[in-house]
Amino acid sequence: MSNIIEARDVSMRFIMERDKTDTIKEYILKMVQRNLKFSEFYALKGVSFGIQKGESVALIGANGSGKSTMLKIIAGVMRPTRGSVSVEGTIAPLIELGAGFDGDLTARENVFLNGALLGHDRREMERNFQQIVEFSELGNFIDVPVRSYSSGMVARLGFAIATQVEADILVVDEILSVGDYSFQQKCHRRMEEMLAQGSTLLFVSHDAEQVKRLCKRAIWLDHGNIVQDGPSGPVCDAYLASQANR
């Protein structure tokens, strides 16, 4: 069976300024005088893996291990410095929920704006609009500007939009910690329904129990390298044991 996601020798390099500059004027002067000093940081180092259609896979690891960077490359937010990623099918990116919202527009207007950014036409969003409102539980606030929303309300709306429309791949980054407990469980159920219908899940979380519940496979990253790739239970246990020994 061919892979729906294929990462081949993926490396991601970031260039960071070594000496802090407090003003634009100081930065320009250093640049003109060629006194700016930079250092390289590799968030990913030759990472390769494949994910088949219908698989549920988690990327785990400590902060700075490269998990979110890998997710953003797969979602098309970033391009790798070296290597390539191929994706077959449509993606529902649950990475920064509400990042594409316009605070001056109402939630109703943002449903169609965000849908367009995700590649869905107006007719499709109109067909799914009522289900989005019902899932988000924001019916009384649907015509209120989003700038008035709490972060939890924004996340609810973003999750409802991203998961109401059909998608082949769910790309999820630590978003199930938002909102109250009942809404978190509602999000879990929605994702489990999508997995049961054949969607593929790529999930980032620090919560080992969430990973074990949602994912059958886990890829452990450390400083941009794959340490272990296998069934989620043993991989999560090995990762947690390594953290306890530090």
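This is a predicted model: local features need pLDDT of at least 70, side-chain atom pairs count only at pLDDT 80 or more; totals for chains, interfaces and linings use all residues.
Local features need pLDDT of at least 70 and side-chain atom pairs pLDDT 80 or more, while totals for chains, interfaces and linings use all residues. Residues are numbered from 1 along each chain as its sequence is written, and side-chain values use heavy atoms, with hydrogens and water left out.

Rings of Phe, Tyr and Trp (its six-membered ring) were paired if their centres lie within 6.5 Å, with planes under 30 degrees apart taken as stacked, over 60 as edge-to-face and the rest as tilted. Phe135 belongs to helix 4 (residues 122-136) and Phe159 to helix 5 (residues 151-164), 24 residues apart; helices are DSSP runs of H or I with at least four residues, numbered from the N terminus.

Phe135 is buried at 8% relative accessibility, where buried means under 20% relative accessible area, exposed over 50% and partly exposed in between (1.4 Å probe, protein chains only). Phe159 is also buried, at 1%. Phe135 and Phe183 form an edge-to-face pair, with 5.8 Å between centres and 65° between planes. Phe183 lies in helix 6 (residues 181-196), so this pair ties together parts 48 residues apart in sequence. Phe183 is buried, with a relative accessible area of 1%. Phe135, Phe159 and Phe183 form one aromatic cluster.

A charge sits over a ring if NZ of Lys or CZ of Arg is within 6 Å of the ring centre and within 35 degrees of the ring normal. The charged end of Arg190 sits over the ring of Phe135, 4.1 Å from its centre. For Arg122, the charged end sits over the ring of Phe112, 4.2 Å from its centre.

Definitions and conventions: Helices (H or I, at least four residues) and strands (E, at least two) are DSSP runs, numbered from the N terminus.
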